[in-house]
Amino acid sequence: MTLLKQKQREFEREALPHMDFLYNYALRMTNNPADAEDLAQETYLKAYRFWDQYEKGTNIRAWLFRIMKNSYINRYRKESKEPDTVDYDEVKEFYNIIREESADANDLQETVFGNLLDDDVAGAIAGLPEDFRTVVILCDIEGLTYEEIAEFVDIPLGTVRSRLHRGRKLLRSKLLHYAKKRGYVAEE
Amino acid sequence: MDCDQFREYVSGAVDNCLKKEELESLLEHAGRCPVCRYEYEMEKITKSVVHSRVKTVSAPVALTYLITEQLRVDILPARAPRIRRLFERPYFRPALVFGAAFVGMIIILSFSDQATSPPSIPSLASNDVISQSVTNYRAVVEGIIKPQLVSNDPEMVKGIFASIKDFQVLVPKMKECKLVGGVMNEFSGVQLAHVLYTHEADVVYMYQTCWETVMAGDKLDLPRPAKQELQRTGWYSEELPDGHSIVLWKKGRTLCSAVARMSKTNLLACLSDAELPTDTGW
């Protein structure tokens, strides 16, 4: 077998099994299946071109993830509004309304979030600032540990915790916004 | 623990990532501070909503195949530096063109007295699935094969094939294609299903039969490279002459082939919206 064929087979054997993970991340970041496919293709082509730079035995999924994240940033960041700040007024309003509506968190889950469509939740996630969106996806959808997230995103553990906390808080305000639009919570 | 520290650690509590002492301290604070307790409950709910409502999906099978094909096409030229250096030498290209033209002339002169069949239909055995697919495609385009039922309702089209028991007939949704209908027949006692689509002004023809029958090779067969590739990856594709291409894939007990007047990349892209198999071996 030629060296090139060997390399191709090795790459296919080691990198392609992570397709589902990468595709799901791309889908949640772009919220569009066609864009997710494009991003996955671009990632794998780049990964193959730089295959010699991958250190065998290290976390290949993290390596592929970083390539995808950089591709996403290069492709989509220019087009996005880059809302990297949390709207704390909106978050404060959320807490005020919640307290008026119900003191029982379980009721809230039932009446506010329980009736939301899956697409609303996916849309709310897609609307998060990129840094928060990434950690929420990796933790709450993909089930990665904090250590894995820290390695993938190349941030300290403390930053993982704080981004998750802020990201989920912002996500709640977005979910509340969807719930208001659908009439599950009274508009002010 | 105070409220600032609580906010720093609350995600860890929700995700069961705290040490025992940290969790105890956090819960103790939550017991005293209703605001922080509420925040803890809210964060648990948020995680639960995301986890239960947003499910992971499998990547489209055609995507895996597309990437594999692109690796082979896209990367190969970049990895042939010797060939590239050869091309960069002066006078190489003119010499190559002249040489190719000379060889071409010799070939034409040698075969000019022979009747040449158009290269559109591969010269394979008549029980070859690829050959049959291409022949049937042409017959559909020329109006020789017509659908038994004309309908864009997949359930109605599936109804034509109710008597087929050896394999499950698929009527997938195809990107940018319109379902036209279907027809059923037999070859050497083997049941065949044909599903027709249009893509813009062109036909997309789909041929389906029993996978085991083709692999057995006596009544229906495939060329060896196609058979091996299908067994290895669940997919095979080929560019055909005149801008056509064919893609074959396995789903369960069904062997499918699709023929259309477009590149295999574009044909795969049309198939990517279909609920295609996951048994590609990855």
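How many of the nine residues of strand β4 (residues 202-210) of chain B are buried? Seven are, so β4(B) is largely enclosed by the rest of the structure. This is a predicted model.

**Strand β4 of chain B and its partners**

- Strand β3 (residues 190-199) of chain B pairs with β4(B) in the antiparallel sense, over seven bridges.
- One bridge on this side joins Thr198(B) to Val203(B), which lies in β4(B).
- β3(B) and β4(B) form a hairpin, with two residues between them.
- Glu200(B) sits in the turn and has a positive phi of about 55°.
- Strand β7 (residues 254-260) of chain B also pairs with β4(B). The sense is antiparallel, and there are seven bridges.
- Within this pairing, Tyr207(B) stands opposite Ser257(B) of β7(B).
- In a regular strand, side chains alternate between the two faces of the sheet.

**A buried helix in chain B**

- Helix α11 (residues 264-271) of chain B has eight residues, and six of them are buried, so the helix is largely enclosed by the rest of the structure.
- The buried residues of α11(B) are Lys264(B), Leu267(B), Leu268(B), Ala269(B), Cys270(B) and Leu271(B).

**Two packed helices in chain A**

- Helix α3 (residues 33-49) of chain A packs against helix α4 (residues 60-76) of chain A.
- Their axes are 9 Å apart, and the angle is about 125°.
- The crossing of α3(A) past α4(A) is right-handed.
- From α3(A), the residues that meet α4(A) are Leu39(A), Glu42(A), Thr43(A), Lys46(A) and Ala47(A).
- On the α4(A) side they meet Leu64(A), Ile67(A), Met68(A), Ser71(A) and Tyr72(A).
- By class, this helix contact has six nonpolar, two polar and two charged residues.
- An α-helix has 3.6 residues a turn, so residues three or four places apart point the same way.

**Where chain B touches chain A**

- The contact takes 36 residues from chain A and 36 residues from chain B.
- On the chain B side, α1 (3-14), α3 (34-53) and α4 (61-78) each supply at least two residues.
- By class, the side of chain B that touches chain A has 16 nonpolar, 10 polar and 10 charged residues.

Definitions and conventions:
Residues numbered from 1 in each chain as written. Chains lettered and ligands numbered in written order. Predicted model: local features only at pLDDT ≥ 70, side-chain atom pairs only at ≥ 80, totals over all residues. Contact = placed C-beta atoms within 7 Å. Helix = DSSP H or I, 4+ residues; strand = E, 2+ residues; numbered from the N terminus. Nonpolar A, V, L, I, M, F, W, Y, C, P; charged D, E, K, R; others polar. Axes fitted to C-alpha atoms, helices over the stretch in contact; angles between N-to-C directions. Left-handed = near helix turned anticlockwise from the far one by under 90°. Buried ≥ 20, exposed ≤ 12 C-beta atoms within 10 Å, placed from the backbone. Pairing = 2+ DSSP bridges.
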